[in-house]
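Here is a set of questions and answers on one protein chain. Please keep the structure open as you read.

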Amino acid sequence: MLHDPNRIYVFDTTLRDGEQVPGSQLTTPEKLIIAEALEALGVDVIEAGFPISSPGDFNSVVEISKLVKEPTVCALTRSIKGDIDRAAEALKYAKRPRIHTGIGSSDMHIKYKFNSTREAILERAVEAVKYAKSFVEDVEFYAEDAGRADNAYLARMIEAVIAAGATVVNIPDTNGYCLPEQYGAKINYLKEHVKNIDQAIISVHCHNDLGLATANSLAGLQNGARQVECTINGIGERAGNTSLEEVVMALKTHQSLGLHTQINTKQLYPLSTTVSRMMRMPVQPNKAIVGRNAFAHSSGIHQDGVLKHRENYEIINPEDVGIDQSEIILTARSGRHALKHHLERLGYTIERIDLDQVYQRFLELADVKKELKDDDLLQLMGHKTEESFKNGIAINALQVTTGDQEAPVATIKLGYNGEEYTATSAGNGPVSATIKAIEQITGKHVEIKEFNIHSIHGGSDDVSKVDMRVVYEDKSYMGYGFSTDIVRASANAYLDALNKFIVLETVNY
């Protein structure tokens, strides 16, 4: 019945099983946004809801059925006629409708949930499938708690529901109980002992109570299952469901398995962030594939390896999942190679002796701030104006005088190409006076568009960081300064911007 025996069908239940997480309920308009994104992602089946559970769920299934064009739209039911009636009604607008019905298959459920017998449960399963089949051609049957079910009885149930018309048979590890080898063996057992198994697709639906949902799903697929039921970010009841992005990327990474999906993997990260935001479920930083740290490196050894050859420490190209690039996180554990990488990315060319000097200041700052961003590095390089710019203008001395009755006056000495130039100017404030004095020397009037002051750490020895955006000949340039003196930091930032576009062939003084 499969045109491509190695194609894995992706059944997404974010909007049904995923939404069962407390505090993560969605409105119908929000569900429509996610459903549309799931269609763009390329999922084969969208489980849109449990129509009998509430009017809102019913309405969501109706509206999703109207919206999506390519994926199958699925509605969940119990093995109860009223449930199935309601699902059939909700799916009437679906282009490819599927009713997903089922019942417990483990002795635990049969005895303690249904207070019934194996034979009675088997009869109810068959009746439910036959009834659902009277409404839609595509019927999926779930054998709840199949992970703990007796394999021989499970095989009898699966054979009976396929004979009754089930096109997909779902073998859920409802409580996340199985180990991968156990779950894989269970799927293999069904392949070998259900006579009509070739007339249906085996589906795996695994929960993450022991952290094994993805591993169990992959084991099931390796043993003959061809549909995987999962959620974005692995959200779901209790510890969650199989993570869609993990299974898809595992299959893509291990092409030797010969299994593939139709998922557009570059949509994974954008959809992950959408689901996280809408369902108010933050993604843990170390979450595989889409976590904030999934492609971040802070260890100096790892950073060096990644910079030399990405695949030293990355088995997935971040661009393949919709992330622009890896992150080399700068911390006190980072090495010179990582620092040099970021500085060159920001436009600096540093000789080794200069890098050693900057690296020592970097470590001191990293001990205070823990993690450094681009603006911190630029401020760090702005501190270099306290010493000299080999290829630019540097401050050799700065003196500012202020008084109650007179405007502030700044006298500045700038070094350039081995020469020193001096100018004095008054201004509305000490920073204004300093900038005007610099303009006298450079002969350039540069318009300051943005001017921001930040503090690196508190106390009497506060270190000021200044960033400013200047405009010269209709182009913008950013400058960064770093000093314990705010006027000096401002002058450093201004000169940092100038040094990015001004070469002083002649200097006024």
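Q: What is the area buried between domain 1 and domain 2?
A: This is a predicted model, where local features need pLDDT of at least 70, side-chain atom pairs count only at pLDDT 80 or more, and totals for chains, interfaces and linings use all residues. Residues are numbered from 1 along each chain as its sequence is written, and side-chain values use heavy atoms, with hydrogens and water left out. Buried area is the accessible area (1.4 Å probe) that two parts lose on being put together, summed over both. Carbon and sulfur atoms give 66% of this area, which is about 580 Å².

Q: How many salt bridges are counted between domain 1 and domain 2?
A: A salt bridge needs a side-chain nitrogen of Lys or Arg within 4 Å of a carboxyl oxygen of Asp or Glu. The structure holds 22 of them. Between domain 1 and domain 2 the count is zero.

Q: Where do the domains of the protein chain lie?
A: The bounds come from an automatic or database domain assignment. The C-alpha centres of domain 1 and domain 2 are 44 Å apart. The division is domain 1 (9-279), domain 2 (296-382) and domain 3 (391-500).

Q: Why does the pair of Lys31 and Glu19 tie together parts that are apart in sequence?
A: Their side chains form a salt bridge (3.2 Å, N to O). Lys31 lies in helix α1 (residues 28-41) and Glu19 in the loop between β1 (9-12) and α1, so the parts tied together are apart in sequence by twelve residues.

Q: What is the largest C-alpha distance among the residues that UniProt lists for "binding site"?
A: The unreviewed entry lists Asp17, His205, His207 and Asn241. UniProt positions follow the numbering used here, feature names are shortened, and annotations may be inferred rather than shown by experiment. His205 sits in strand β7 (residues 201-206). The listed residues spread over 225 residues of sequence yet cluster in space, with a largest C-alpha distance of 10.6 Å.

Note on methods:
Helix = DSSP H or I, 4+ residues; strand = E, 2+ residues; numbered from the N terminus.
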